[in-house]
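Student: I would like to go through a structure with you and check what can be read from it. Could we take the overall picture before the local details?

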Amino acid sequence: MGSGCCGPPPAPATEPPAAPNAAQSDATSSCQDECCDAGDSNDGDAAPVEASEPGQASATLDNNNCCSSGQCADSNSEDDSDAPACCRGTTAPCCDTSCLDRLALRECSMSEHLLPKEGAESTDFDGAPEGKACNRHITSALDRYGATLEALGCLCRSLIALGQETCCEIRERHSLSSATSSPSIDQPTARRSLPRAQLDSCCSTGPTTPSQAAQNRLRLRKTCGQSISSATKPSAGACAGSCCSNDKPAKVPSVKNDSCQVSCADACCSSPPADAPVVGKVPVQTINDVENQGAGKEHVVLSVSGMTCTGCETKLNRTLATVPAVRDLKTSLVLSRAEFDIDLRLGSVDEVVKHLERTTEFKCERIRSQGASLDIIVPSEPAQFMSQAWPEGVIDMALVCKQIVRVAFDARTVGARDLVEKIWGPPVELAPPRGDTALEAGSKHVRHVGYMTLLSAILTIPVLVMAWAPLPDSRELAYSSASLALATIVQVVIAGPFYPKALKALVFSRVIEMDLLIVLSTSAAYIFSVISFGYFVAGNPLSTGQFFETSTLLVTLIMVGRWVAALARQKAVESISIRSLQASTAVLCDKESGGEREIDARLLQYGDTFKVLPDTRVPTDGTVLTGSSEVDESMLTGESRPVEKYPKSVVIAGSINGPGVMTVRLTRLPGDNTIHAIAAMVDEAKLSKPKLQDLADQVASYFVPVVVALTIITFVIWIAVGVAVRGYGAAKATVEAITYAITVLIVSCPCAIGLAVPMVVVIASGVAAERGIIFKSATAIEVAHKTSHVVFDKTGTLTRGKLAVVGNECIDNEALPLLLGLVENSRHPVSVGVAAHLRDTGVTSVTVPEPKSLTGKGIETTLGGRKLQAGNSRWLGQSDNELVQLLLTQGCTVLCFAIDNELKAVYGLEDELRPDAAKTVETLQERGVSVHVVSGDDDGAVRALASKLRIPSDNVRSRSSPADKKDYVQTLLGAATGHKQPVVVFCGDGTNDAVALAQATIGVHMNEGTDVAQSAADVVLMRPTLGGILTMINASRKSVHRIWFNFGWSFVYNTFAVLLAAGAFVNARIPPEFAGLGELVSVLPVIAAAVLLRWSKI
């Protein structure tokens, strides 16, 4: 046992308590925070199975191992199966401040091992001198996780969701590499892995192999923590899933144990008794490819190149909808994007992409939204660079182009700057920055279409000259031959890509799209000209002659129309790109040299401190350490006035610094800051589709078949007119009928109908975001203008949420330190106000056990057998108390403090109305919108506020729990008048409003921080002003008006254009060679109507 990872077994320990603390962390169980060995490999009860290759193994695991019976974790965990492994069987909250110490210690230890030495077999897990973290890492851990711990009481879910190791002592360790665990307890074992991304090989040191990284990539998926389909899940895998892999094939024995009458340390880290029975052995299936064996689902975002019209989006939708593994599909023509969840049991992402490209001719590129990534330039042999051992923390490498490699890595394990400058170093260097991936794909498509259009124009101009210029007849054959050659090149090279797209759409997706109309029309003109040329060469020319200029000019003008439309769409999307606010460089305060240097913002990493100079953009979110300034946050929050910043203030990425200089400690990386959080929510709205889009899609689906039918009718009618009315011969009548049919095919354009809604949604969501209104769904844009009821929460919504004590009655002064200890860590505005008042009066808090927050009631805990409670008077049964009634009649919010149900203190607090509350309520009422107030506050305070705002007493509800708020919203939704369904907007700011936000037609969350992605509302107000409600309604009204204008224009254009092309007007018609301008004429007004929203007053 001397060389085992756990060392000599400690004395038998009792079952650990529900909430572990730092004092017990080293003595509870040797398998909780250290590595465990599998068991005796020479046990003869189960034959070991030889692993065929690294990463593949099969084993027999005993179900009654020491951890499965509950020695390492609480056995009473039937109801917490969805909790993280380390938290099962605990009483919430499961984490405490010792978890922050462990995270800080882990950071210190990780810093010492950023450059692992080859061949090192073990390293002690000291982390820092005397086993304590340094002040820098303690502060860093407190900044990153303190708020989460205070709010949720558990850090484990947050860490697991990021693909990291839990902060608690490990009770269970579900390891992907359990099948390749060390078979012998006598082998020297490596240290516990410090980087948290490598849970599955937690004892490995040194670089990561690609096979290990493949397992790491599984953990970055959103379903992190779900079981792997190829492995049988043990009841508790701490010891069964041994973590001491040596990264080589090994024989894996059966792991068996008795009834766990010995301690976990003895059971895990010493040989089991030879006569212990083997019960319920289950073979583990061999993992052939760990990359493709994950169960659950993965979120996929694809940038799709080659989409030009609504038919393309329909084709994309139908193609992906036929794939069984694809769920929750969203597509966008304007963004050229597809977003869906994939069931990994039914298929892989690569299979879906290959199927999509094969059946649609689109080109797809996956947009990575999880983890950090970096593009680096490898001057020579990128393949060899990618095949070598990867540094710890590197998750994936992919070749982007000849010398650029994209590296995905866990930013909390290894920093970008450490990778580029220290681990790899020259000649490896950072690649030039790429823009927004989606915008870059769109720009690439626009450039490609532009080049093809230019080539088509160059080939077409000579054909037009030879057809229209007065050239000598003696060389007509030479001119005709040249025209044939040039027209053939145009038809094959320029129009050629339309053929496979149209045919595949027809065969695979059963969609008749615009490409088919182009193929039919251009082919008809070209083939007829070739036949005419054949007759001319044979000496029997047709009277109609050849019209190669028609087919070539038709293709060129179609390409011009598509290029201009694509360019206009791209510029419109770029104009409202939130990600463009990201600064490209940062001034790093270099701790090693003690100086400052300018670096690429992509090289920032956790623990960095950077300087923000005057009139420069803040590179990423952070906390001010020194200095002060005024910062312009208008581009993100819509707040026009500069915001003062001083030490401990939070600065937002993309905001512009004023005259001062600030030193800022980084809290979020550039790839995961507020800019990206807002952009992600805006993209979500752009990808969603309102009900009006269903109408547009339905019309567009019938459009092309109807046009084909009209073309056939036009062709037949003009043959009849030519022969019967005008006396033409059959050949001449046919040629004339063909020209009319070609014109009808091309001049009609469904793109205007298809772009009518999504173009407006994209621009409106971007314009609203610039004004501090984040629409998270297109439905909110569509229906907000129909708002009939607006329901406000009181505290923090109509008021500032900063309550101050204006009156108090203290019965027992000696109890006040207990009250301060109870409320000082609560974020509720009432608790914050009382805590501030107590500190100002010189009260010193007494440490109390972790309080339990009860939504809508208050907060409580137990100390020394006494029950401490602080909350509203109704919960504590003190509503009729004289002291409470006195404060209630003054319109105060009341907090009562009781010990064992005996009242000790009463505090009355008042809040200040927001400056724009009265004007907003008045404007809404002038528009005929009914305004309501629903609050959990006391009746007197709520009605006093309502009277100030002139809100009818019938629309006021006080002392409302979250369920009461939901019921009130439901009542309003059920009060329909006639055929008009009510649209209820609920505006709140707290977690206790979440149910009502979800129940309302539109939930509006008033946000005052930078963590906007947490909100589940339909709309987020980025700045705490109620005027955002009016802006939201105005933006919705203007957007819907634009959509209906686009529908009207599409109808008018297509009706008039088809009639003109078909020859319905006797003295006017569209020549077939100019019909290709139809797309340009129809689409540009639609795009212009949407873009003009940028200058519209909302």
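Predicted model: local features only at pLDDT ≥ 70, side-chain atom pairs only at ≥ 80, totals over all residues.

Student: How many helices and strands does the protein chain have, and what share of its residues counts as buried?

Tutor: The secondary structure comes to 33 helices and 32 strands. Among contacts with a separation of 6 or more, 74% are between residues 24 or more positions apart. The chain exposes about 46500 Å², with 55% of that area supplied by carbon and sulfur atoms. Of its 1098 residues, the share that counts as buried is 56%.

Student: How far apart are the end C-alpha atoms of helix H14?

Tutor: Helix H14 runs over residues 514–537, which makes 24 residues. At 1.5 Å a residue it should span 34 Å, and the model agrees with that. Beyond the helix comes glycine 539, with a positive phi near 85 degrees. The end C-alpha atoms of H14 are 35 Å apart.

Student: What span is expected for helix H32, and which glycine follows it?

Tutor: H32 covers residues 1027–1061, 35 residues in total. From its first C-alpha to its last it reaches 51 Å, close to the expected 51 Å. The residue that follows H32 with a positive phi, near 85 degrees, is glycine 1063.

Student: Which kind of aromatic pair do phenylalanine 385 and tryptophan 424 form?

Tutor: The structure holds 6 aromatic pairs, and this is one of them. The centres lie 5.1 Å apart and the planes are 65 degrees from each other. Planes over 60 degrees apart count as edge-to-face, so the pair of phenylalanine 385 and tryptophan 424 is edge-to-face.

Student: Which helices hold the two residues, and are phenylalanine 385 and tryptophan 424 buried or exposed?

Tutor: Phenylalanine 385 is in helix H9 and tryptophan 424 in helix H10, so the pair ties together parts 39 residues apart in sequence. The limit for a buried residue is under 20% relative accessible area. Phenylalanine 385 has 8% and tryptophan 424 has 15%. Both residues therefore count as buried.

Student: Which arginine lies over the face of tyrosine 740?

Tutor: Two arginines can be named here by their ring partners. Arginine 1094 lies over the face of tryptophan 1095, at 5.8 Å from the ring centre. Over tyrosine 740, at 3.8 Å from the ring centre, lies arginine 1069.

Student: Which residues does the cis peptide bond with omega of about 5 degrees join?

Tutor: Most peptide bonds are trans. Proline 427 is in the loop between H10 and strand E10. The cis bond joins proline 426 and proline 427.

Student: Are asparagine 901 and arginine 950 buried or exposed?

Tutor: Phi is positive in both, near 65 degrees for asparagine 901 and near 60 degrees for arginine 950. Asparagine 901 is in the loop between strands E26 and E27, while arginine 950 is in the loop between helix H29 and strand E29. Their relative accessible areas are 61% for asparagine 901 and 72% for arginine 950. Both residues count as exposed.

Definitions and conventions
Residues numbered from 1 in each chain as written. Heavy atoms only, no water. Helix = DSSP H or I, 4+ residues; strand = E, 2+ residues; numbered from the N terminus. Expected span 1.5 Å × (residues − 1). Phe/Tyr/Trp six-rings, centres within 6.5 Å; stacked < 30°, edge-to-face > 60°. Buried < 20%, exposed > 50% of the residue type's maximum accessible area, 1.4 Å probe, protein only. Lys NZ or Arg CZ within 6 Å of the ring centre and 35° of its normal. Contact = heavy atoms within 4.5 Å. Areas by Shrake-Rupley, 256 points an atom, 1.4 Å probe, with all protein chains shown as cover.
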